[in-house]
Structure formats: C-alpha cells, structure tokens
Amino acid sequence: MRKVIMIAIFGLLTSVAMAQTTSGTIALGGGFRFTSNDPGTSSFSLSGSGGYFLKDNLMVGLDLSYSSANDGDNTSLGLGPFIRYYKFIADDKFAFTVDGGFVFSSDKDVDPVTGTEVSSSTFGLGVAPGFAYFFSPKWSLDFTLPGISYISYEGGGSTISIGASTFSPSLGFRYFISK
C-alpha cells in the first residue's frame, strides 16, 4: 500500500512539474535589476508581470515596471505587452528563454544644472535571452540578460543598444497557476 501511495504522489508531482508551461497556465512574476556605472551613477528597476500560456512553452502577457537612477533624479514608469518562449533541456527543470516586448513609459528627469523637472514619454521594443530554473512545481527563478533594444524618445531621437556590451542582468521569480 505504501508503494502505491508513493507512486501516486510521484506521478502527481511529475505531472504538475511538466504542466508548468502548458497551454492554459497563468504565470505571475516579478523581478529587479541593479546597475552601477562609473563614475558613481547607479540605477535600479522593479517589475511585475502576468502572463498566459497560449500553447505549450509560449506565454503572452503584460509587464509593469518602475525604475530610478541617480538617487531618484530620473524615474520611469512603464507598461507593455510581452511574449516569452521556453526551450527545456534534459529534465524539465531548466529552460532557456527568449523574451520580446514593447514598452510605453512616462519619464521624469531633473536637469542637474537648473534643477527643473522635465517630463517625457518613450516607446521601446526589445528582445532578450535568459533562462529559468524551476526549483519547485509552481516556482521558477528567472535570469534575463540585456538583449537588443530600440527606444524612441518623445520629441525625436532614438537609441539602439546591444546588451552584450554591458552586464546588467535581471533576476526574478515566477509563480505558475495550472488550470
């Protein structure tokens, strides 16, 4: 009887573990990023997200983010849709990921010379690689590297950046709710 119970528990855990990224699953997550540059400038960002798996290993969702740089002189609040693909290897606990998304943000900057506040908005899109480690049937640890991004600024101007030139990864957790 004990063997039957153990096999049933193992089967249930295995099916739940494999159902983490299946169609119909909802994922809730959040993360943070900290960057420190020379000479003495730093920034951090916090993000939250919610997603839905349209099909196995393919999630679409919405990101919300807040970032601050230079002791709060520059802040940004962003919102945008994203898509994420999971490619599992070996034991279904480790997956490489590719994220793509758009972001619309409202920015506030303080001019260091005059002290006046300048508000603006930006539109950005990007693609970023990463990986997820599923340390339990319902939780993953996400590690995302900077990828390729394009940002267009209100009033003109844009930047293209390739994250390979800097090392400022984001770290986050994701909780999966199976149907």
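Two strands pair if DSSP finds at least two bridges between them, and strands here are DSSP runs of E with at least two residues, numbered from the N terminus. This is a predicted model, in which local features need pLDDT of at least 70, side-chain atom pairs count only at pLDDT 80 or more, and totals for chains, interfaces and linings use all residues. Residues are numbered from 1 along each chain as its sequence is written, and side-chain values use heavy atoms, with hydrogens and water left out.

**View 1. Strand S6 and its partner S8.**
Begin with S6 and strand S8 (residues 148-153), which pair in the antiparallel sense over 6 bridges. To find your place, look for Val-127, which stands opposite Ile-148 in S8.

**View 2. The hairpin of S5 and S6.**
Here strand S5 (residues 94-110) meets strand S6 (residues 117-133), and 17 bridges pair them in the antiparallel sense. Gly-101 faces a glycine too: Gly-126 in S6 stands opposite. The two strands form a hairpin with 6 residues between them, and Gly-115 in the turn has a positive phi of about 80°.

**View 3. From S6 to S7.**
A second hairpin view: 5 residues join S6 to S7. These strands pair in the antiparallel sense over 4 bridges, and Phe-131 has Phe-143 in S7 as its bridge partner.

Ser-140 belongs to strand S7 (residues 139-144). Is Ser-140 buried or exposed? Its relative accessible area is 0%, so Ser-140 is buried (buried means under 20% relative accessible area, exposed over 50%, partly exposed in between, with a 1.4 Å probe and protein chains only). Its side chain makes a polar contact of 3.1 Å with the side chain of Asp-142 (a pair of N or O atoms within 3.5 Å, one able to donate a hydrogen and the other to accept it; residues adjacent in sequence count only if both atoms are side-chain atoms). Beyond its neighbours within four places in sequence, Ser-140 is in contact with residues including Tyr-133, Phe-135, Gly-172 and Arg-174 (contact means heavy atoms within 4.5 Å).

**View 4. Aromatic pairs.**
The whole structure holds 14 aromatic pairs (rings of Phe, Tyr and Trp, the last by its six-membered ring, with centres within 6.5 Å; planes under 30 degrees apart count as stacked, over 60 as edge-to-face and the rest as tilted). Tyr-86 and Phe-88 are stacked, at 6.3 Å centre to centre and 15° between the planes, and both residues are buried. The Phe-94 and Phe-96 pair is edge-to-face because the planes lie at 90°, with centres 5.2 Å apart.
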